[in-house]
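Subject: Structure handover

Hello,

Here is the structure I said I would pass on. Please have it open while you read the notes under it.

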Amino acid sequence: MSDDHRCSRRSFLKTAGLAAAALPLTGLTAGAEVPGVGQLSASGQRQVATVCGICPAHCLITATVREGRVVELAGTAGNPLNGSRICARGQAAIDLLYDPDRLKYPMKRTGPRGSGRWQRISWAEAIDTVAMKMEEALRHSGPAALALFAAGPSSHYIRELFAEFAVPHINDSHYENCHCNREAAYISTLGFSPGAPPRLDYRNTRCLVLLGCHQGENLMLPEFSRLLAARDRGASLIVADPRRSVIAARADQHLMLRPGSDLALLLGWCNFLLERGLHDREFVANRVEGLAEMRQLAAAYPLERVAELTGLSEESIEKSALLLAASAPAVIIHPGRHSNWYGDDVQRLRAQAILSALLGAVGRPGGLLLPLAQPGPPAAPSLYARGREGLGRALQGRGGDRSAVILQAMEQERIRFLGCWGQNPFHGYPNPYRTALAWQKPDFIFTCDLLPSEAALHADIILPEATFLERHGRVEFRADAEPPLVTVGFPALEPAFEARDPYWIVRELSIRLGRGRGLRLPEVATRLEQDLVDLPFGLNELRQGGAWQVVAELAAPDEEEFRFPTISGKIELVSRDLAEAGQPALPEFTSPPAAPPGYFRLLYGRSPLHTNSSTQNNRRLMGEQAENELWLNDRAAGELGLSNGELVLLENQDGLSSLKPVRLHVTDAIRPDCVYLVHGFGNRSPLLRQAFDQGVSDAALMSRTTTNPVTGMRALRNNFIKPVPLSAKPATRDPAAGSGDRR
């Protein structure tokens, strides 16, 4: 690996506080080189440009292939998304390709569910079995007896097929955990979603505000690089977070607020701006509706009350509000990503959008950018229609999010056929004990994945999927890039062993089932050409251009002429959409449930070295971070007689205990009323030899959820734990108990 592209320990420490090891790769051999793909160098190496699939950032990368083996991954030089840089996870993606534990062949279960005992079978038998069981469930019980957990770009085709059968139970963990609440909040206020990643004008901003957004730990390299560049140009940074995260430590103002009080802080800022006349009066007069009602609501949040609710000083709240006013309209109130926190999340996110509007920071230089028209045919849905569709999708879950609905239906034995594609519900959702019991109920379960996770352990049929380096990726429109791009991933190698491209798998299934309008084309490349038909370039131009092309004809909407795609055509501080849905039209703060005596609120987050639970079997990354730690305030630790580095068990408010001890990180960088764990550890599949029994699962300590009244999404941060010294091991209660929603 060249020095230009190596992510050294020093450079990564500078940007994210952690580093990746550079271990040699030995052992497995992947598939053959893809004929005619990539540029051949004088040394006989082939360079294949593609899109990284190790995390949702989807950076543009180039794979170096030598003698049928990927030997290096680097950023594709000259691209406007991530340039020549990739993160530690991107470099370590080679280890995913050559992971000795990866799924290699189609298999059927020969032992009890969860035993990990399978027999190798042919692809024909595997596809025939899945199709037969699916058809049987449809014929005898109808679409409501089927369910699908499917997330990530490789799951697009299977979700498309299930939708053709009108299956109502389709869960996408990325959407439900990260985007659903945010779409409901921003669309019901501005008429459009901020995007994922969001369209933010880092180049011209003067002030950045992050509320519980762990940039640098939840590392999305393209956006994080823009944030660091904005800081280098002099932009101020305000971080509101109960913990001094990597990015909070670099802030001009770190507001270490009480967990769950974010909405109170936002309403306090709104009140300060309105009371002092520091809002953008012209913008609000011309572009905003509902100011009088918002002013009346915000008046209930003067500095002294907000200080009491948040645990912050009045001086710090006033200082941050004055900085916002002085920087306006070039202010970014970051929309965030994961949003299932306390149950008021839609209204909290609405308050963020409202604050942006009061600052005049919507569609103005340095703030939240207006949406671009998606490239496509002239008959494509309008921005207003897309907003209505997005809001409707977000509001569909008011009776409970899809994962909760599916789980309950499984427990009641109403789900006969279950599919799981590219996600692991045993880590992505609370109480995996309840999940494991529910997964014993369906007549038939199939999974398609890269590695033998807990979900795969419970499957009747396992389908091995090709890694992103062995398959084509989806066509993606990257509106967050400057300039906007279209990208497509290309395979560097043929799939190893008997793994297959997702399109091939779903197409074979569709042939047996006699459905699949979008799966009639014989090859995935032909399907991608069809997806690109309305653009001025095709697959070959993308391949030659480094897996990306600029969408040159797209222009940003004119702010003066832009009509917000809401019912009123203006930014709605009083949301007509939410009022019509029977929800509060203005965001009102309600305190979250308090911790029982002796317990701490459990917070969780990400590491720059891991992508949720999907990278814990990567030996290069696990060599740097093999387990998580429990962050505990130093004063709280002293009162409990606990010390830094001590091993403790964790017990939650319902008596659930961690399955193993976790090491304490005693610090003043977290408030004394909460603790913090990195998410994704505690894997229970013994077939994942690097990941098994490493660290503690935060999901396993979540037995209570609070349902968001607007979207039905389950909020996860109303669970509480206490650290228990090993000498006082707690008695564990029934792990399936106490798992219902607290509405």
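Predicted model: local features only at pLDDT ≥ 70, side-chain atom pairs only at ≥ 80, totals over all residues.

Salt bridges. A search of the whole structure finds 35 of them. One joins the side chains of Glu 160 and Arg 527, with an N to O distance of 2.9 Å. Glu 160 is in helix α4 (residues 156-164) and Arg 527 is in helix α19 (residues 524-531), so this pair ties together parts that are 367 residues apart in sequence. Arg 527 counts as buried because its relative accessibility is 5%, and the cut-off for buried is under 20%. Glu 160 and Arg 527 also belong to a network of salt bridges with Arg 474 and Asp 531.

Glu 411 and Arg 434 form another salt bridge, at 2.6 Å from N to O. It links helix α14 (residues 402-411), which holds Glu 411, to helix α16 (residues 432-438), which holds Arg 434; the two residues are 23 apart. Glu 411 is partly exposed at 31% relative accessible area, whereas Arg 434 is buried at 14%.

Arg 684 and Asp 693 meet in a salt bridge of 2.7 Å, N to O. Arg 684 is partly exposed at 36%, and Asp 693 is partly exposed at 28%.

Ser 225 sits in helix α6 (residues 221-232) and is buried, at 16% relative accessibility. Its side chain reaches the backbone oxygen of Leu 221 at 2.8 Å.

Glu 314 belongs to helix α11 (residues 314-327) and is partly exposed, with 35% relative accessible area.

Regards

Key:
Residues numbered from 1 in each chain as written. Heavy atoms only, no water. Helix = DSSP H or I, 4+ residues; strand = E, 2+ residues; numbered from the N terminus. Buried < 20%, exposed > 50% of the residue type's maximum accessible area, 1.4 Å probe, protein only. Polar contact = N/O pair within 3.5 Å; in protein donor to acceptor, adjacent residues only side chain to side chain. Salt bridge = Lys/Arg side-chain N within 4 Å of Asp/Glu carboxyl O.
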